[in-house]
Amino acid sequence: MSKKLLTVISVVLILTFVLAACTPKPDLSKEVTIKVWHQWDGKYLEAITQAFNDYTAAHPNVKFDLSKPEDVANALNVAIPAGEGPDIIGWANDQIGQQAIKGNIVALNDYGITEDFIKKTYEPAAVNGVMYKDKIWALPESQEGIALIYNKDLVTSEYLPTDPLNFDDLLAKAQKFQADKGAVLVCNQAFGGNDAYHMSPIFFGFGVPSYIDEEGVAYLNTPEAVKAAEWLLKFKDVSLTENSYDICFAGLKEGKVGMWWTGPWAVAGIEESGINYGILPFGRPFVGIKTLMMTKNAVDRENQDIVIDVMKYFTGAEASKKIALVNKTIPANTAALKDPEVQALTAVVGFGAALNLGVPMSPSIYSSAQWDPVGKASQAIWQGAAAPAEAMAAAQKAADDAVSQMK
Amino acid sequence: MNRKPRTGVRILQYAILILFTIFAFYPVWFAILASGRLGDRLYTLNLLGMFIPTEWTFENYRVMLFERPFLTWFKNSLLVASAATVFSLIVATSAAFALSRFRFRGRETFLVLLLALSTFPGILSLVAIAQLLTAIGLYGKHVGLVLAYTTGSLVFCTWNLKGYFDTIPIDLEEAAMLDGCGPVEAFTLIALPLARPALAVTAILAFMGSWGDFIFASVLVPAPDRLKLAVPALYSLANSISVPWGYFAAGAVFVIIPTLLVYLALQRYFESGLTLGGVKG
Amino acid sequence: MSVWSGKKRALTVLLFLLPTIIAILIFNIYPTILNIYISFTNRNKFRPNPDCEVGLTGVLDPLCWPAFKDKAPVGLGDPYRLADPLLKNYGDLLGTLFTAESLISLVKVLVCFVPLLVANWLNKRFSKEATPPISSTWIWIIAVILCVFLGLIVNFGNSLNTLMETGDFIIVVFRTILFVLVRVPLTFLIGLILALVLNSSNLPGRTFFRVMLFIPWGASAVAILMSLVWQFMFREQGTINQLLLALFNIKGQVWLNKPASAFGAIVLADIWFSYPFFMVSILGALQSIPTELYEAADVDGASWFQQLMNITLPLIRPAVLPAIVLTSITAFQMFGTAYAITGGGPQLAADKPGATEFVMVYAYRIIYSVQNYGRATAFAVMIFIMLFLATLWSLRVTKLTKGANA
């Protein structure tokens, strides 16, 4: 070939390489430590840490620093403006509204996550749970809702309610159980405590659409809510006076309690204790979506590409499946959920049915106003400090007061 | 009272003493017993086990010391409390000396101002302090916490030391100054050595204040585990979903026993200190 | 000191005081000013970020300072502005306190305590005379009877209920004052009894008991952890209930679920933490009383009780009274014990504070759970004013008694 043509071809080739090198490709090769703040507890944490370790094995330049602060909301408020915050937050989706309002987390639409992508990858409830004001704020990793985990040896079929929305039946069976066996049928850590989350199957089961909806309307003194409150008072007679996570767990192990109203996080412990357990969906529980959010600090530190990659990996089919198999949680990733091994887990089948009955937790800011009034009202009712109707009226007032502060 | 009381009174006195000794000691004993028990509950359903160690195992201690970062938390608390005490003493002693020895305009006002400011409860100014430390860049770091503790115990230390300085006669220092010493030398060479007992007691009290503090530490150094202090870390351990009470008890015993021993060792000082220089509260 | 003068002296003083002044300016005065300012804004969880153009926000809020401004997060929420009306937060806390009905109730409640004040004043006047016309015990008895009588006339219970309906502030403050009024005298009494016993002569084992009885003071440094241990005594299957079952076959109730017993539980735990302080101060004061006084009283045939009332108590008063006043102020600010044992107590209603939500517990909840900073700082300012006045008054009392002894 002529020298001229050779020169032209070489120049073109060189230019192509240079241009290729200059295209903004995610630079996944810098040495970085990703800070993760989370709320994962106890046994859960082991499988999750393993997932992060696997990522580091595949990408040796990325290390993780996991920590569980005492009070994430307040810690974030001070840390993020200082640039000391985490890159990723692992948190429930009801916090999305608040954190978005404050500007602590960033909308993922700006970083390459499209609605198409999440609709294809995740379950519809999970997708709804991470969208707020038409933007995507987090990637969902698991879904959870509570159901009745019962001791099959103790609670034989005559004591099992058949209709998940028939509360009078549950009450009758609980009375029968106590008369026959001298033990309590249902233990729920919200009985006597300030825990609106564990109260949700009862209230929503009676027909309350939501504690506070997307527009900020509270449904706490509707007739349905009052009926639920009255049922609660009646149920007190067939329950333990003091309930907590530990008391319920110990009761279940020792045969003093037939059923424990709790979520997938307790399954690992129950399996370890060797109880022959079954899962019975009851009422309409809150369906919470556990998510991973990206913070403003990650963007400031220019870690956003790595963070998005990590988040996609963690909520991707492979990692989700691994975590689900160990922790017995329900993945939000559709492929992982439909995987036959995951579908074979009793927990997934049982809790999955509960999720179908459930009410999704909304990411709007108003949902943060619902916990306190409902929790305090149910506690007051249980401890006999207020009559059901009175307590719910007070709860409605408190909820309206809180919502008005947001508007 | 020189006379020996009647037997009846004696019995009553001993009954009272024994009753209150049980009252005083039982909670600590309970924690010690619980730290030797395995299990999910801090109490046991075995009534006797609440009073004597029916079962004892060092498992809880082993886990806390070697598997959980308890030693790190403990070390952090020691470091932060010591640093805060040292700084506090330095600042408070010089202020107390000046307030005690010099008569200057506005002295009374300054004293009252000190006292007034100390009545603004720490909890409430915590958010502002957290924001301030964030601005300086010290949020989440031990240095920020040390600063917060120093200023927190400043007023108490200053009042305490001033009260003690008031009881030391000025003569020695005046004599020294006639001989040509400056005020700084008088302070460091004469007043400080004389004030040693008060310095020791004030130092211990300031240390204990920072050691056992919960709120400031939990807000200003919330994460990660390797930076947390002992008391807030143990408290959050007790507040997790499924509480490992045995571990909590082991950690609590580790934190409480040294505190007790220190206070007991200083008992004498408390009594004399109380009737000497000022009123502690 | 007269040796130095003028400028050199002023500089020296400044040098000694400088670190303290700087520390106080930055960590005490500035936060206080910021808090006062925020109490006039509507800052809360949903309006967390400052609008640097409004009022003094640009100057006071750290997020508005130049070094910081671009790092500040900008969220979807509105920035906070001055409250409208300006005193809204204070109004919310005080509720309907300043309406005619509530003020009348307040006056009624206070009027019931007037006889006690009158009795105190009368006693002071009469103590100066050699033979008072009426003995002091009679004056107190008459005062108490008048109090009860007045209470019945003005319907004390009703007025109290009306007051409690006004707003959060009164409820929380009243509850805390009640706590102080119960806890401090009980602690004093226990400290007095123990000090008297420990002070008696010829007591074998005295040192052992002194050491053991002193333990709670040491534990009070880590009050939060010990309070968690205390909580277990009161659980449904805790120590107290198990003891009751074993010894008396009574099935104990769940102490922490009822307002009155939860209150009592906290009082008990707090007494455990604080009685050694009184015990030690009174013991020290007792040891400075010369024994000749008691011997002379013995010769005169005075009984044990008369000696206690007429010799012991008046002579320890100068040392003990400041301690009582200071402890009261500290007890008012008690946080750890209540928070760890009940976390604010059995809930009475969703829109009211819990049964054991004392001043500091309420403040903590408003700041960290509800995150309504505007309201929290307004509360802080009001409490600060109360505590400040109380401290000033306590200084007066302390100086008074010091003057008497000096």
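Let us start with one pair of side chains: R365(C) forms a salt bridge with D372(A), and their closest N and O atoms are 3.4 Å apart. R365(C) sits in helix 17 (residues 359-370) of chain C and D372(A) in helix 18 (residues 371-382) of chain A, so this pair joins two chains. A salt bridge here is a side-chain nitrogen of Lys or Arg within 4 Å of a carboxyl oxygen of Asp or Glu. Helices (H or I, at least four residues) and strands (E, at least two) are DSSP runs, numbered from the N terminus. R365(C) counts as buried at 16% relative accessibility, whereas D372(A) is partly exposed at 31%.

Before going on, a word about what you are looking at. This is a predicted model, in which local features need pLDDT of at least 70 and side-chain atom pairs count only at pLDDT 80 or more, while totals for chains, interfaces and linings use all residues. Residues are numbered from 1 along each chain as its sequence is written, chains are lettered from A and ligands numbered from 1 in the order in which they are written, and side-chain values use heavy atoms, with hydrogens and water left out.

Now turn to chain B. Chain B has 13 helices and 0 strands, and 58% of its 281 residues are buried. Among contacts in chain B with a separation of 6 or more, 71% are between residues 24 or more positions apart; contact means heavy atoms within 4.5 Å. The accessible surface of chain B comes to about 11,300 Å², and 68% of that belongs to carbon and sulfur atoms. Such areas come from the Shrake-Rupley method with a 1.4 Å probe, and for residues only the protein chains shown count as cover.

In one, the side chains of R62(B) and E59(B) meet at 2.9 Å, N to O. These two residues are 3 residues apart in helix 2 (residues 59-67) of chain B, so about one helical turn separates them. R62(B) is partly exposed at 37% relative accessibility, and E59(B) is partly exposed at 28%. In the other, D166(B) and K162(B) meet, again at 2.9 Å from N to O. Both lie in helix 6 (residues 142-167) of chain B, 4 residues apart, about one turn of the helix. An α-helix has 3.6 residues a turn, so residues three or four places apart point the same way. D166(B) is partly exposed, at 42%, while K162(B) is buried, at 9%.

How does chain B meet chain C? In this interface, 99 residues of chain B are in contact with 102 residues of chain C. Together the two chains bury about 9,700 Å², 78% of it on carbon and sulfur atoms; buried area is the accessible area (1.4 Å probe) that two parts lose on being put together, summed over both. Helix 1 (residues 7-35) of chain B gives the most to the side of chain B that touches chain C, with 16 residues. By class, that side has 71 nonpolar, 17 polar and 11 charged residues. In this count, Ala, Val, Leu, Ile, Met, Phe, Trp, Tyr, Cys and Pro are nonpolar, Asp, Glu, Lys and Arg are charged, and the others, Gly among them, are polar. Between chain B and chain C there are 0 salt bridges.

Helix 12 (residues 239-248) of chain C shows part of this meeting. Its residues T239(C), N241(C), Q242(C) and L244(C) are buried. The buried residues of helix 12 of chain C pack against helix 1 of chain B together with helix 11 (223-233) of chain C. After helix 12 of chain C comes N249(C), whose phi is positive, near 60 degrees.

Chain B also touches chain A, through 21 residues from chain B and 19 residues from chain A. The area buried between chain B and chain A is about 1,600 Å², with 56% given by carbon and sulfur atoms.

Finally, look inside chain A. T291(A) lies in strand 11 (residues 286-294) of chain A and is buried, with a relative accessible area of 0%. Its contacts, not counting residues up to four places away in sequence, include W91(A), V130(A) and P140(A). Elsewhere in chain A, D54(A), E318(A) and K322(A) are linked in a network of salt bridges.

Technical notes
Buried < 20%, exposed > 50% of the residue type's maximum accessible area, 1.4 Å probe, protein only.
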